[in-house]
Amino acid sequence: MPNALTWLFLAALGAATVTRLWLAARQIRHVSAHRNAVPASFSDSIPLAAHQKAADYTAAKTRLGMIDLVVGVVVLLAFTLGGLIQALSNEWSKVFAVGTIAHGTALLLSIVFVQALIGLPLVLYRTFGIEARFGFNRMTLKLFIADLVRQALVGLILGVPLLLAVLWLMGKMGTYWWAYVWLVWVGYSAALVMIYPALIMPLFNKFTPLTEGELAGRVARLLERCGFKSSGLFLMDGSKRSSHGNAFFTGFGAAKRIVLFDTLVSRLQPPEVEAVLAHELGHYRLHHITKQMLLSALISLAVLAVLGQLIERQWFYSGLGVGTPSHAAALALFMMVLPEFLFFVQPLTSRYSRRREYEADAYAVSHANAAELERALVKLYKDNAATLTPDPLHSAFYDSHPPAALRIARLAQMRSPS
Ligand SMILES: [Zn+2]
């Protein structure tokens, strides 16, 4: 039964979709227009062939993103106004009574399953089509399937207990169920961060402690300079899946681990790895990670409070294509529809994130060598075929990291203040 919410939802979805497609088209046009000339500041360090590969890779990924987007819109409309959530709810009501935890769990799991199934061809094409064509994919079909099975099992083992707890609280706690769910969610997320490095990540990758050699020595001295305690430096076999390189921290408190992809270590010189790590340490020392976690906790509280208001209203369900209200249907509807209403917040979060990248760069410069960081970044742009010439609007909207040219210019400035 269409109501005002139906039209509001369609308007938000329409505006977000048109904007996303427009930005993607701009990105492809901009990158292609600059395909034949390496920007002046990179002309010494990046050959034309590498620049052209980056342009083609970016265009291919963006084009796939557009298909992904259109499929996503069709799926979203099918689930909501098309009545698919209602149809699944009806099917499960033949097995479990509507409103029970069993019915809710079955409904939500079947929605996740259908979504994953529809998304699978695109994931396959991304990995074995695009990533393989540009020489990044190292994954075999066998590993892909093994990953899929492992991810599904881990998802079920970690997700089902949470789902049961949430549905139980929704049924038992009355008007303020959302406050209880929030507490469980925050505790659950914190626990997940703690068990992830030691229990989950080793299911997918091998971690080898790095204790000897020039790099280990440099990292140890860097950590000391920065006053950072960790429970170890590990090399991860990222090359098993992809040739893209990375470095990151995991864990909390004294259980913090530093993880370097083997692909990063094989491409960069030890002083360059040190500079990249100094940037990552910057995120940590400047409390970016803690702030991020606090912010997501606050946002999830606000989101749950809004859902707490909507869940009792008949118009919320009927306006979005669900005839039989239930807690599980409300959760599903809300999770699916909310991103469309929040789409235009994206440039703000991207901007915030870019500012933190500059801050981490400044930290790296004061604790390691700026020229090494510059060299490392240029190598990474080149090896990962990251475009040096993104469309400025596309970048402002989505990019969590500053565009290459601006970031390198800022580093050069910090290196020789004048
Ligand atoms: Zn960063």
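Phe343, Phe344, Phe397 and Tyr398 are joined by ring pairs into a cluster. The model is a predicted one.

In total, the structure contains twelve aromatic pairs. One of them joins Tyr57 and Phe134 in a tilted geometry, with 5.1 Å between centres and 55° between the planes. This pair links distant parts of the chain, 77 residues apart: Tyr57 belongs to helix H2 (residues 48-79), while Phe134 is in the loop between helix H4 (101-133) and helix H5 (141-172). Tyr57 counts as buried because its relative accessibility is 2%, under the 20% cut-off. Phe134 is buried as well, with a relative accessible area of 11%.

Phe228 and Tyr284 form an edge-to-face pair, 5.2 Å centre to centre with 90° between the planes. Here too distant parts of the chain are linked, 56 residues apart: Phe228 sits in the loop between helix H7 (214-226) and strand S2 (233-236), and Tyr284 in helix H9.

| Residue | Relative accessible area | Class |
|---|---|---|
| Phe228 | 7% | buried |
| Tyr284 | 23% | partly exposed |
| His279 | 4% | buried |

His279 is part of helix H9, which spans residues 270-285. Leaving aside residues up to four places away in sequence, His279 touches Glu357, Ala360, Asp361, Ala364 and Arg407.

Key
Residues are numbered from 1 along each chain as its sequence is written. This is a predicted model: local features need pLDDT of at least 70, side-chain atom pairs count only at pLDDT 80 or more; totals for chains, interfaces and linings use all residues. Side-chain values use heavy atoms; hydrogens and water are left out. Helices (H or I, at least four residues) and strands (E, at least two) are DSSP runs, numbered from the N terminus. Buried means under 20% relative accessible area, exposed over 50%, partly exposed in between (1.4 Å probe, protein chains only). Contact means heavy atoms within 4.5 Å. Rings of Phe, Tyr and Trp (its six-membered ring) pair if their centres lie within 6.5 Å; planes under 30 degrees apart count as stacked, over 60 as edge-to-face and the rest as tilted.
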